[in-house]
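Good morning, and thank you for coming.

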Amino acid sequence: MSETTSGASYASAGVDIEAGDRAVELMKEWVKKTQRPEVLGGLGGFAGLFDASALKKYERPLLASATDGVGTKVDIARQLGVYDTIGHDLVAMVMDDIVVCGAEPLFMTDYICVGKVHPERVAAIVKGIAEGCVLAGCALVGGETAEHPGLLGADDFDVAGAGTGVVEYDNLLGPDRIRTGDAVIAMASSGLHSNGYSLVRHVLLERAGLTLDRHVDELGRTLGEELLEPTKIYSLDCLSLTSTTEVHAYSHITGGGLAANLARVIPDGLHATVDRATWTPDPIFDLVGTTGSVERLELEKTLNMGVGMMAIVPQDSVDVALATLADRGVDSWVAGEITDRGDRATGAELTGDYAK
């Protein structure tokens with residue numbers, strides 16, 4: 001063998017360890033901003049540590065966990081070269097699932113998969129995750145950045161995350177608490193959030209040929225800015241609500257749409273009716289529907305239609321609930337009620353027409 005012949009290496013296979021190390025250094029300052037007093041150690045260990053003695057104040061602590069990603073919304077971030085907001089979406093998708101049962105978010109871990117490590121790009125993604133964790137009140141205790149050359153293009157990436165929260169057994173929210181006559185309170189979304197982007201991209205970008213830098217008058221900004229609007233994080237809003245007044249259940253409106261997600265928390269024998277006339281969906285929903293000739297029911301089972309979270313509360317809690325949410329800057333309204341199911345097959349339905 002010639003002395004000038006070089007053997008294979010990890011770098012020649014497309015993996016840059018030094019770039020990965022630099023990405024870790026760049027993200028440390030952002031992860032530090034999420035720390036809670038229960039977190040031990042710093043970034044770089046094999047496992048994140050959370051002091052479980054903090055749970056001793058609970059009589060019967062229940063740990064709640066969830067894992068999620070943000071779907072094909074990452075492709076919008078990639079095309080625009082904007083990486084510091086997608087992390088908000090990730091935290092919202094995970095932690096707003098956890099808070100539905102009344103649990104306080106405690107900590108989160110992330111997984112970032114890239115075709116090629118661009119340290120500043122990875123750090124920007126983690127910055128967004130860290131900022132989202134601050135908004136959710138949880139710590140970012142660790143994560144993984146994986147470089148997959150040959151499987152992903154140099155600019156391709158995906159994100160996923162897992163989170164843990166805790167709730168006292170006696171304070172667990174859900175179907176068992178819901179009663180006939182309860183009110184359904186809707187909390188406004190910040191737009192599309194992180195669901196239905198395969199439909200949205202197909203309709204607006206592929207079929208209609210719109211470009212992300214195109215200014216859309218109905219939206220008041222470019223299409224790309226609209227599609228990249230971060231998912232609203234409701235965790236602390238929901239915790240504030242449960243500490244202020246009686247709440248029976250929450251429903252996080254994600255994949256499957258409003259009716260299907262609301263039905264997940266409605267017990268057998270009861271029914272949730274939501275009146276479309278109580279709100280007007282944001283223009284982006286009409287743009288998708290009109291441009292793609294998408295039927296309303298198809299839109300409603302794919303997109304949130306302007307509602308990101310719903311709270312089910314007794315009637316005597318409605319005024320306090322709406323005032324609490326207003327004080328926190330959350331647009332909310334009474335959208336429906338709980339009744340006996342009767343002969344209806346599903347646990348929730350939308351009625352009427354949207355307000356103009």
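Predicted model: local features only at pLDDT ≥ 70, side-chain atom pairs only at ≥ 80, totals over all residues.

Let me begin with the overall make-up. The chain has 356 residues, and 51% of them are buried. How do the contacts divide by distance along the sequence? Among contacts with a separation of 6 or more, 85% are between residues 24 or more positions apart.

I turn now to a sheet. Six strands form an open sheet with mixed pairing, and their order is β10-β12-β7-β13-β11-β14. Which strands stand at the edges of this sheet? They are β10, residues 249–252, and β14, residues 348–351. Each has a single partner strand, so one side of each is left without a neighbour in the sheet. From one strand to the next, the twist averages 25 degrees.

Strand β10 runs antiparallel to β12, residues 307–313, and four bridges join the two. As an example, Ala249 has Ile312 in β12 as its bridge partner. A helix also packs on this sheet: α11, residues 318–327, touches β7 (183–188), β12 and β13 (332–340). The direction of α11 makes about 10 degrees with that of β7.

With strand β6, residues 157–168, β4 pairs in the antiparallel sense over ten bridges. Here Phe107 is placed opposite Thr164 of β6. Strand β4 also runs parallel to β5, residues 139–147, and eight bridges join these two strands. In that pairing, Ile112 has Thr145 of β5 as its bridge partner.

Now to a single residue, Met93. This residue belongs to helix α3, which spans residues 86–98. Is Met93 buried or exposed? Its relative accessibility is 3%, so Met93 counts as buried, the cut-off for buried being under 20%. Which residues does Met93 touch, leaving aside those up to four places away in sequence? They are Asp68, Gly69, Val70, Ser194, Asn195, His252 and Thr254. Take Val70 from that list: Met93 and Val70 are 23 residues apart in sequence, while their C-alpha atoms are 7.2 Å apart in space.

Finally, I come to the empty spaces. Rolling a probe the size of a water molecule over the atoms shows where empty space is left. Let us take the second largest pocket, which holds about 340 Å³ of space. Its lining is made up of 17 residues, and those closest to its centre are Pro281, Asp286, Met305, Tyr354 and Lys356. Two elements give two or more residues to this lining, namely α9 (283–291) and α10 (296–300). The largest share, five residues, comes from α9. By class, the lining of this pocket has eight nonpolar, six charged and three polar residues.

How many cavities of 30 Å³ or more are there? The count is two. The second largest cavity has a volume of about 30 Å³. Its lining consists of Val114, Lys116, His118, Arg121, Ala154, Asp155, Asp156 and Phe157. Sorted by class, four of these residues are charged, three are nonpolar and one is polar.

That concludes my presentation, and I thank you for your attention.

Note on methods
Residues numbered from 1 in each chain as written. Heavy atoms only, no water. 1 Å grid on protein atoms, 1.4 Å probe; cavity = no way out; pocket = protein on both sides within 12 Å on 5 of 7 lines; lining within 4 Å. Points joined across faces, edges and corners; volume = space filled by probe spheres on them. Nonpolar A, V, L, I, M, F, W, Y, C, P; charged D, E, K, R; others polar. Buried < 20%, exposed > 50% of the residue type's maximum accessible area, 1.4 Å probe, protein only. Contact = heavy atoms within 4.5 Å. Pairing = 2+ DSSP bridges. Axes fitted to C-alpha atoms, helices over the stretch in contact; angles between N-to-C directions.
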